[in-house]
Amino acid sequence: MLSVTVLLVVSLTASSFAAPTRGVLNDAYNYSEDLAQYFSRVSRHIDTANGNRNRKPICGVSNISLPSSTLPIPTNLKIRYVAVGRGTQNYTCSSSSPDVAPVAAGAIANLYDVTCIAANYPDLMPILPKVAYSIPLPGDEFSPLPPANTGLIGHHFFRDATTPVFNLDTTSSQQYGIAITKKVGSFGAPSNSLQGANGAVPWLYLTTINGTIGDYRSVYRVETAGGQPPKTCENLPSDFTVQYAANYYFYGK
């Protein structure tokens, strides 16, 4: 039965996303509700594909739209890429006192290309960060991220305390540019977000600044999972990290 399912998923998704790996399926007894929902929706797409075998997934970015929020909607811009980010939000504490609150100190994340999933199967997008949050990062950063087995498209980090960077120049043959950004707006993560231990970090609207390579104009962080720190620094070290995942939408001219 496994081989039939894998063949159907491959047939359905083509280049959009690969079949779940045997390793992920072997961990099925540790399903989260999000992972179960993910495979349930994939199963429905398989059924649809079986009824329309002549349809081939197309990575048409014109079909992609941002999830609903109060963040400004980009005008006269086009989607370039969509990625799921998996990494850590970083924090510092000046002391371990319960009277001191953690201070944000940037983030580090791997970015995995889900553009074709966003174009063809938008119902999977809200689930991907929840599932990614619950699955350890691959030991080799160039290994695909389960369960969609999406490939690495770039890295996210901070140039300084207030300047998020998205480096999509991953390899010598994959040079997609570098978006250097500043925060312009935020939107509190909805109540149905995966909260993690302390809550989900806000959704963000970022615009590019000088130094950006490529025609990027804005970046959105949405559908976040986890990432918030404890409310106080009590019993915490001076530097610590909190796991998170999120979807990132890259817009350009």
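**Entry 1, largest cavity.** I found that the lining of the largest cavity divides into eight nonpolar residues, one polar and no charged. I note here that the model is a predicted one. I looked up the volume of the largest cavity and got about 50 Å³. The lining consists of Val-84, Leu-128, Val-131, Ala-132, Leu-145, Pro-146, Pro-147, Ala-148 and Thr-150. Which element gives the largest share of this lining? I found that H5 does, with three residues. Helix H5 covers residues 128-134.

**Entry 2, second largest cavity.** I asked how many cavities of 30 Å³ or more the structure holds. The answer was two. The second largest cavity has about 30 Å³ of space. I listed its lining as Leu-66, Pro-67, Ser-69, Leu-71, Pro-72, Ile-73, Tyr-220 and Val-222. Seven of these lining residues are nonpolar, one is polar and none is charged. A reminder to myself: rolling a probe the size of a water molecule over the atoms shows where empty space is left.

I turned to the largest pocket and noted a volume of about 450 Å³. Its lining is made of 23 residues. Which of them lie nearest the centre of the pocket? I wrote down Gln-89, Ala-104, Phe-158, Leu-204 and Arg-221. I then sorted the lining by residue type and got 14 nonpolar, seven polar and two charged residues.

Next I checked which strands take part. At least two lining residues come from each of S1, S2 (103-113), S3 (152-160), S4 (163-171), S5 and S6. S2 gives the most to the lining, with four residues.

I counted eight aromatic pairs. I looked at one of them, Tyr-81 with Tyr-176, and asked why the pair counts as stacked. The ring centres are 4.9 Å apart and the planes stand at 25 degrees, so the pair is stacked; the cut-off for stacking is under 30 degrees. Tyr-81 is in strand S1 (residues 78-92) and Tyr-176 is in strand S5, so this pair ties together parts that are 95 residues apart in sequence. Elsewhere in my list, Phe-166, Tyr-216, Tyr-248 and Phe-250 form one aromatic cluster.

I located Ser-193 in the loop between strand S5 (174-187) and strand S6 (203-208). Is Ser-193 buried or exposed? Its relative accessible area is 10%, so Ser-193 is buried; the cut-off is under 20%. I followed its side chain and found that it reaches the backbone oxygen of Pro-190 at 2.8 Å. Leaving out residues up to four places away in sequence, I found that Ser-193 touches Lys-130, Ala-200 and Thr-224.

With a relative accessible area of 17%, Asn-149 is buried. I then took the distance from Asn-149 to Val-114, which is 35 residues away along the chain. Their C-alpha atoms are separated by 9.6 Å.

Notes
Residues numbered from 1 in each chain as written. Predicted model: local features only at pLDDT ≥ 70, side-chain atom pairs only at ≥ 80, totals over all residues. Heavy atoms only, no water. Buried < 20%, exposed > 50% of the residue type's maximum accessible area, 1.4 Å probe, protein only. Polar contact = N/O pair within 3.5 Å; in protein donor to acceptor, adjacent residues only side chain to side chain. Contact = heavy atoms within 4.5 Å. Phe/Tyr/Trp six-rings, centres within 6.5 Å; stacked < 30°, edge-to-face > 60°. 1 Å grid on protein atoms, 1.4 Å probe; cavity = no way out; pocket = protein on both sides within 12 Å on 5 of 7 lines; lining within 4 Å. Points joined across faces, edges and corners; volume = space filled by probe spheres on them. Nonpolar A, V, L, I, M, F, W, Y, C, P; charged D, E, K, R; others polar.
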